[in-house]
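My entries follow in the order I made them.

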Amino acid sequence: MRTQTFFRVAVLTGLLALAGCSSKVAAPEQYSGFLKDYSGLKETTSATGKPTLRWVDPSYNEANYDNIVWNPITYYPVPKPTTQIGQKTLDELLSYTNNKMKTAIGQRKPIVTTPGPRSLIFRGAVTGVSSKKEGLQFYEVVPVALVVAGTQMATGHRTMDTHLYFEGELIDAKTGKPVIKVVRKGEGKELNNESTPMTFATLKQVVDDMATDATMFDVKKTAK
């Protein structure tokens, strides 16, 4: 009886630890360093209902800007293909992310190549994350800006959650200071196990949601 009680307590403790660790937003230790300053970020909900970390300069007024200078989205750090994520998937994912996000941002303001006094400068990256074992949650770090986390306990078989991490900002070209900063953790499709290859389709919806949110972003709603 004592053994059974101990086992139940252990399992319950493990489940609570797992639930506490599976945050829907990136933790500070998961910031990549792509952004120069992470202060002021607060958890909010995007237009598509996704949890997001965001900061908006209180004095920001979209009407003060005429256009946006687009810097292509990159991987940060430089990606290294693995047996689970091949180079083809990396290339396809990055190309799709650039096309979708550039189109979305271009719906807000015209895209230009040369900044002027009334320009915003966009920079963004699919970022790498380093994690450690914590409780019963296991992180398998992929050094290519993607994280795969195990979610099933007990046996050797467990499905794999997939996440894409993104960091971006809009900078006032005149002052050189950010006016909007975003850190996002998007959840993709589950993989059957650690041997299942990750494809472009695994994370496509994450990118689609980010693009939709970029189009629908309303600073007035954010301020409330």
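Predicted model: local features only at pLDDT ≥ 70, side-chain atom pairs only at ≥ 80, totals over all residues.

I looked at two of them.

I then checked where the two residues sit. Phe34 is in the loop between α1 (2-21) and β1 (42-45), while Tyr76 is in strand β4 (residues 74-76); they are 42 residues apart, and the pair links distant parts of the chain.

Tyr76, with a relative accessible area of 34%, is partly exposed.

The other pair I looked at is Tyr96 with Phe200. Their ring centres are 4.9 Å apart and their planes stand at 70°, so I logged this pair as edge-to-face. Tyr96 belongs to helix α2 and Phe200 to helix α3, so the pair ties together parts 104 residues apart in sequence. I noted both Tyr96 and Phe200 as buried.

**Charges over rings.** I returned to Phe34 and found Arg123 over the face of its ring, 3.9 Å from the ring centre. I also found Lys181 with its charged end over the ring of Trp55, 4.7 Å from the centre.

**Nonpolar cores.** Which residues have the most contacts inside the largest nonpolar core? I got Phe122, Leu164 and Ile180, in a core of 34 residues. I listed the elements that each supply at least two residues of this core: β3 (67-70), α2 (87-106), β6 (119-127), β9 (160-172), β10 (178-187) and α3. Helix α3 gives the most, with seven residues. Apart from this core I found another, of 10 residues, which includes Val25, Phe34, Ala125 and Tyr165.

I took Ile180 for a contact list. Leaving out residues up to four places away in sequence, Ile180 touches Trp55, Val56, Tyr60, Gly168, Glu169, Leu170 and Phe217.

**Helix α3.** I checked the length of α3 (residues 200-216) against its residue count. At 1.5 Å a residue, its 17 residues should span 24 Å, and the end C-alpha atoms are 24 Å apart, so the two agree. I then went through α3 for burial. Its buried residues are Phe200, Thr202, Leu203, Val206, Val207, Asp208, Asp209, Met210, Ala211, Asp213 and Ala214. For reading such a list I noted that an α-helix has 3.6 residues a turn, so residues three or four places apart point the same way.

Key
Residues numbered from 1 in each chain as written. Heavy atoms only, no water. Helix = DSSP H or I, 4+ residues; strand = E, 2+ residues; numbered from the N terminus. Expected span 1.5 Å × (residues − 1). Buried < 20%, exposed > 50% of the residue type's maximum accessible area, 1.4 Å probe, protein only. Core = buried A, V, L, I, M, F, W, Y, C linked by side-chain atoms within 4.5 Å. Contact = heavy atoms within 4.5 Å. Phe/Tyr/Trp six-rings, centres within 6.5 Å; stacked < 30°, edge-to-face > 60°. Lys NZ or Arg CZ within 6 Å of the ring centre and 35° of its normal.
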